[in-house]
Amino acid sequence: MSILSSTLGTPDRVWALVALLRENDGTLNRAEAADWLNPGFRKDDQTVAEKPVAFQQVLGAATSLGAVEAIGNELHLNPDLSASSYAVFADWVYDRLIQLAPEEKDAVLLELLAWVGCESAKRKNVSWLLEYNNAEFADAAEASLPPGADDDGDRRINTVKLPYWRRWLVFLGLTEEIKANPPYQVDISRRLTREIARLELERNVPIAAEAFFQALRQRMPFVDGGWMYSDAARRIGFALDPNQLSPILSQALRDLHDDGTIELEVLGDMTANIRLAPDPAHKIGSFYAVSIKEGDAR
């Protein structure tokens with residue numbers, strides 16, 4: 001099963017299975033694991049248990065990610081997965097996803113995000129996301145993807161899978177839940193903060209913008225100039241301008257500049273400056289270099 005075809009295999013449930021296996025030295029009988037995760041409850045003097053499909057889908061998502069392997073009646077935790085917390089597990093999942101080829105079933109999670117970033121750059125705004133209902137967004141998203149199909153025989157993204165795609169993006173730090181309608185907002189600031197912290201670049205010195213982005217694209221291939229982003233641009237017929245950043249990346253960089261994680265270095269009105277998407281409320285419209293500040297969370 002793919003991640004999105006395992007709709008009940010949400011990030012928190014998959015993490016619960018991973019944590020359970022960690023507490024049992026990495027191996028547990030399948031039936032025992034199912035009992036632990038779906039213990040049932042009493043109602044009207046009767047025991048009510050969750051339908052077996054719930055655990056099957058949790059296991060489906062976990063095995064699709066490579067976090068767990070099912071061998072006969074035993075479940076085995078991936079020995080390379082030493083995640084000690086939910087946040088570290090999110091990093092491990094993210095590291096797996098950025099290595100997937102476009103034709104692999106779970107690549108859809110980040111491929112769709114690359115398309116959203118590209119489409120926003122093409123339209124020069126993110127407000128278009130508010131104009132689509134779920135069915136319209138799912139249709140447009142499906143049409144934007146590389147050729148392929150999900151392993152459930154259905155489309156890779158549809159109105160059923162869409163909310164679970166968004167939930168996985170929240171888990172990965174690429175979308176935020178907000179008190180509005182719709183209740184999600186594409187915001188890559190949390191993941192950008194994490195990935196900048198993981199870059200092996202000098203701190204507190206100006207790094208030429210192109211050198212900074214060259215390193216960042218290796219960790220975030222769905223942002224401007226990354227291979228996923230470039231492929232999405234080709235599919236929708238969008239001509240890239242290497243000196244103009246998309247609205248989504250621009251907002252995230254401004255957020256990190258404002259909170260002191262990075263400093264966008266400004267030097268006059270150089271034609272070679274990297275331009276941010278227009279934002280009249282922010283003083284920085286372009287920059288030539290980036291300084292990564294000490295003290296960022298690793």
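Arg166 lies over the face of Phe137, 5.6 Å from the ring centre, and the charged end of Arg191 does likewise with the ring of Tyr94, at 4.3 Å from its centre. The cut-off for a charge over a ring is NZ of Lys or CZ of Arg within 6 Å of the ring centre and within 35 degrees of the ring normal. The model is a predicted one, with local features needing pLDDT of at least 70 and side-chain atom pairs counted only at pLDDT 80 or more, while totals for chains, interfaces and linings use all residues. Residues are numbered from 1 along each chain as its sequence is written, and side-chain values use heavy atoms, with hydrogens and water left out.

On to the aromatics: a search of the whole structure turns up 14 pairs (Phe, Tyr or six-membered Trp rings with centres within 6.5 Å; planes under 30 degrees apart are stacked, over 60 edge-to-face, the rest tilted). Phe89 and Phe171 have ring centres 5.8 Å apart and planes at 55 degrees, so this pair is tilted. Phe89 sits in helix H4 (residues 86-97) and Phe171 in helix H8 (residues 162-172), so the pair ties together parts 82 residues apart in sequence (helices are DSSP runs of H or I, at least four residues, and strands are E runs of at least two, numbered from the N terminus). Trp168 and Phe171 pair edge-to-face, 5.5 Å centre to centre with 90 degrees between the planes. Both of these residues are buried (under 20% relative accessible area; exposed is over 50%, partly exposed in between, with a 1.4 Å probe and protein chains only). Phe89 is buried too, at 0%.
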